[in-house]
Amino acid sequence: MSGGRCVLRAAALSHGFGARRILGPCSFELRDAEVVALVGPSGVGKTTLLRILAGLIRPDGGTVTLSGHGGQGIAMVFQDYALFPWRNAQRNVEYPLQIGGIGRAARRELARAALAQVGLAASADLYPAQLSGGMRQRVALARAIVTRPAVMLLDEPLAALDQATRRQLQDHLSGLFAQLGCAVVLVTHDLHEAVRLADRVLVLGGSSATVVADLYLESGNSAAQVMLLQKLMAQHAGREGAGPACAPGASLTA
């Protein structure tokens, strides 16, 4: 279990569209260097929650508090990569530095280092249309890590990739998370991916999504842990006012 300092605190977050509430109240803490997978049925509000954490959506209620410890804020990797097609890989990675006022020479150096970190040093001059899906995702990762964020948010980062590429990038992400040491929230529909990459899993459920389970993963039988997560998701799918399935911080064991 992570014993690091709290870097992000979500307190009683809620959000809706019109009279329909789709999220909350939802509360949890994220600790330094912790990788948390956010799972739940399709449409339960995982992406909405991630966008609230990123500051892209203002919640109807609740607060998000970022300590800033160990980094420069929050960075997000989108499912569709969100790369500028008219910028090559390096200039895409430079973009957050450019809008942050970093000088040209410094941002070029930082962008090249970030591309090298994701294995794309030789592809800096290529444009998104010239890159494979896996390479485009790595450019998006480089753009996220170039600012050295305290928290990195990833919204289904591997969903559009074929199985072989997914597996390869899962290995790369695992090593990258360990190297960076920042806190990570990973939204994924793939429970095997969640168990493989995360230290901890938050399960969203209920008709207006709340955290119904907050579980630390144990090394060992990943197949059994996936089955237990599937049961938890089925148990709380669409249930109004579903309470916690287990005590926060429990371990997910077979």
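Which residues of helix α1 (residues 46-54) are buried? They are Lys-46, Thr-48, Leu-49, Leu-50, Ile-52 and Leu-53. Buried stands for a relative accessible area under 20%, exposed for over 50%, and partly exposed for values in between, with a 1.4 Å probe and protein chains only. Just after α1, Gly-55 has a positive phi of about 85 degrees.

The model is predicted: local features need pLDDT of at least 70, side-chain atom pairs count only at pLDDT 80 or more, and totals for chains, interfaces and linings use all residues. Residues are numbered from 1 along each chain as its sequence is written, and side-chain values use heavy atoms, with hydrogens and water left out.

## Overall make-up

The protein has 7 helices and 10 strands. Helices (H or I, at least four residues) and strands (E, at least two) are DSSP runs, numbered from the N terminus. Of its 254 residues, 50% count as buried. Contact means heavy atoms within 4.5 Å. Among contacts in the protein with a separation of 6 or more, 72% are between residues 24 or more positions apart.

## Two helix pairs

Two packed helices are described by the angle between their axes and the distance between the axes. Axes are lines fitted to C-alpha atoms, for helices over the stretch in contact, and angles run from 0 to 180 degrees between N-to-C directions.

| Helix pair | Angle between axes | Distance between axes |
|---|---|---|
| α2 (residues 89-99) and α3 (residues 104-117) | about 120 degrees | 9 Å |
| α4 (residues 133-145) and α5 (residues 163-180) | about 15 degrees | 11 Å |

The angle makes α4 roughly parallel to α5, whereas α2 and α3 are oblique to each other. Angles under 35 degrees count as roughly parallel, over 145 as roughly antiparallel, 65 to 115 as roughly perpendicular and the rest as oblique.

The crossing of α2 and α3 is right-handed. A crossing is right-handed if the near helix is turned clockwise from the far one by less than a right angle, and left-handed if anticlockwise. On the α2 side the contact is made by Ala-89, Gln-90, Val-93, Glu-94, Leu-97 and Gln-98. On the α3 side it is made by Arg-107, Arg-108, Leu-110, Ala-111, Arg-112, Ala-114 and Leu-115. By class, the contact of α2 with α3 has 7 nonpolar, 2 polar and 4 charged residues. Here Ala, Val, Leu, Ile, Met, Phe, Trp, Tyr, Cys and Pro count as nonpolar, Asp, Glu, Lys and Arg as charged, and the others, Gly among them, as polar.

Helix α4 also passes α5 in a right-handed crossing. From α4, the residues Gly-134, Gln-137, Arg-138, Leu-141 and Ile-145 meet Thr-165, Gln-168, Leu-169, His-172, Leu-173, Leu-176 and Leu-180 of α5. The contact of α4 with α5 divides into 6 nonpolar, 5 polar and 1 charged.

## Buried residues with charged side chains

Arg-87 lies in the loop between β5 (74-77) and α2. Arg-87 counts as buried because its relative accessibility is 8%. Leaving aside neighbours within four places in sequence, Arg-87 is in contact with Asn-92, Tyr-95, Gln-98, Tyr-127 and Pro-128. The side chains of Arg-87 and Gln-98 are joined by a polar contact of 3.0 Å. A polar contact is a pair of N or O atoms within 3.5 Å; within protein, one must be able to donate a hydrogen and the other to accept it, and residues adjacent in sequence count only if both atoms are side-chain atoms. Gln-98 is also one of the α2 residues in the contact with α3. Pro-128 is 41 residues from Arg-87 along the chain, and their C-alpha atoms are separated by 7.8 Å.

Glu-193 is found in helix α6 (residues 191-197). At 1% relative accessibility, Glu-193 counts as buried. Its contacts, apart from neighbours within four places in sequence, are Leu-158, Arg-166, Gln-170 and Thr-188. With Gln-170, the Glu-193 side chain makes a side-chain polar contact of 2.9 Å.

## Loop residues with positive phi

Most residues other than glycine have a negative phi, and most peptide bonds are trans. Ala-33, in the loop between β2 (20-31) and β3 (35-39), has a positive phi near 65 degrees. Ala-33 is partly exposed, with a relative accessible area of 41%. Arg-148 has a positive phi of about 55 degrees and lies in the loop between α4 and β6 (151-155). Its relative accessible area of 45% makes Arg-148 partly exposed.
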